[in-house]
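Hi,

Here is the structure I promised to pass on to you.

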Amino acid sequence: VDVVDAITVSCNYFFYDIGDRLGIDRLSDWATRFGFGEPTGIEIGDASGILASREEREERGGVWYGGDTVMAAIGQSDNLFTPIQLANYVCTLISGGERYETRLLKAVKTYDNAEVVAVGDTTPVETIDISESTLNAIKKGMYDLTTTGSLSYYFKDCIVSAGAKTGTAQLGENVTNNGMFVCFAPYEDPEIAVAVAIEK
């Protein structure tokens with residue numbers, strides 16, 4: 001199984017192995033670059049969430065174990081992310097590594113739509129060096145999920161091609177988990193990203 005197949009079939013074992021090889025310090029460093037564990041910059045404010053790391057665990061008086069690293073590699077462990085962080089992550093990934101602050105408004109125009117009077121900052125807050133081959137493999141795995149994988153039935157009549165990934169947000173013992181879904185479209189020239197949390 002390679003990264004394309006692992007994304008398409010949600011092979012946790014693949015990502016456990018990668019997480020174990022990278023270690024929690026490198027995992028959390030990369031996740032920070034993608035904006036996890038910090039506010040997105042959206043004007044209405046948002047929660048920063050929690051990014052699983054050795055430091056975060058120790059600040060709460062806990063101990064980090066090797067098993068926590070493999071669970072963090074699949075988004076579990078102490079990780080708590082908001083849907084807007086997930087959407088911004090997909091935007092950052094699909095753009096080739098340029099992360100921007102999230103904005104509700106692209107621009108403000110005069111009442112007659114004749115003149116732009118304000119534009120948000122269009123400078124990336126982070127530029128992540130992602131190789132083209134790595135990006136293509138991730139996008140292909142997400143595309144295959146919608147064309148040949150478990151989501152193909154739901155995307156068969158979609159008028160644009162898309163890439164997607166599903167996940168499970170565990171809520172604790174004896175509590176039904178949340179379903180998670182992220183998507184970008186069109187596949188060939190992405191214009192939108194979507195993140196959905198389906199509670200319990």
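The buried residues of H5 are covered by, among others, helix H2 (12-22), helix H3 (24-33) and helix H4 (54-59). Those buried residues in helix H5 (residues 66-73) are Asp68, Thr69, Val70 and Ala72. Just after H5, Gly75 has a positive phi of about 90°.

Some ground rules before the rest. This is a predicted model, in which local features need pLDDT of at least 70 and side-chain atom pairs count only at pLDDT 80 or more, while totals for chains, interfaces and linings use all residues. Residues are numbered from 1 along each chain as its sequence is written, and side-chain values use heavy atoms, with hydrogens and water left out. Helices (H or I, at least four residues) and strands (E, at least two) are DSSP runs, numbered from the N terminus. Buried means under 20% relative accessible area, exposed over 50%, and partly exposed in between (1.4 Å probe, protein chains only).

S5, S6 and S7 form an open sheet in the order S5-S6-S7, with antiparallel pairing; two strands pair if DSSP finds at least two bridges between them. Strand S5 (163-169) and strand S7 (192-198) are at the edges with a single partner strand each, so one side of each has no neighbour in the sheet. On average, neighbouring strands here are turned by 15° against each other, direction ignored. (Axes are lines fitted to C-alpha atoms, for helices over the stretch in contact, and angles run from 0 to 180 degrees between N-to-C directions.)

Seven bridges join S5 to S6, and seven bridges also join strand S6 (residues 178-185) to S7. Phe184 is a handy landmark: this residue of S6 is the bridge partner of Gly163 and stands opposite Ala193 in S7. Gly179 stands opposite Ile198 in S7. A hairpin of six residues links S6 to S7. S6 is mostly covered, with seven of its eight residues buried.

H6 lies across S6 and S7 and runs at about 150° to S7. Helix H7 (residues 132-147) lies across S5 and S6, at about 85° to S5.

Next, the nonpolar cores, meaning sets of buried Ala, Val, Leu, Ile, Met, Phe, Trp, Tyr and Cys residues joined through side-chain atoms within 4.5 Å. The largest has 18 residues, of which Phe34, Phe36, Leu93, Ile130, Met142 and Phe184 touch the most other members. H6, H7 and S6 each supply at least two residues of this core, and H6 gives the most, with four. Another core lies apart from it, with eight residues that include Leu145, Ala164, Cys183 and Ala185. Beyond residues up to four places away in sequence, Ile130 touches Phe34, Leu93, Gly96, Gly97 and Leu135.

Finally, where does Thr92 sit? Thr92 belongs to helix H6 (residues 83-94), and its relative accessibility is 1%, so Thr92 counts as buried. The Thr92 side chain reaches the backbone oxygen of Asn88 at 2.8 Å.

Happy browsing, and do write back with any questions!

Methods
Polar contact = N/O pair within 3.5 Å; in protein donor to acceptor, adjacent residues only side chain to side chain. Contact = heavy atoms within 4.5 Å.
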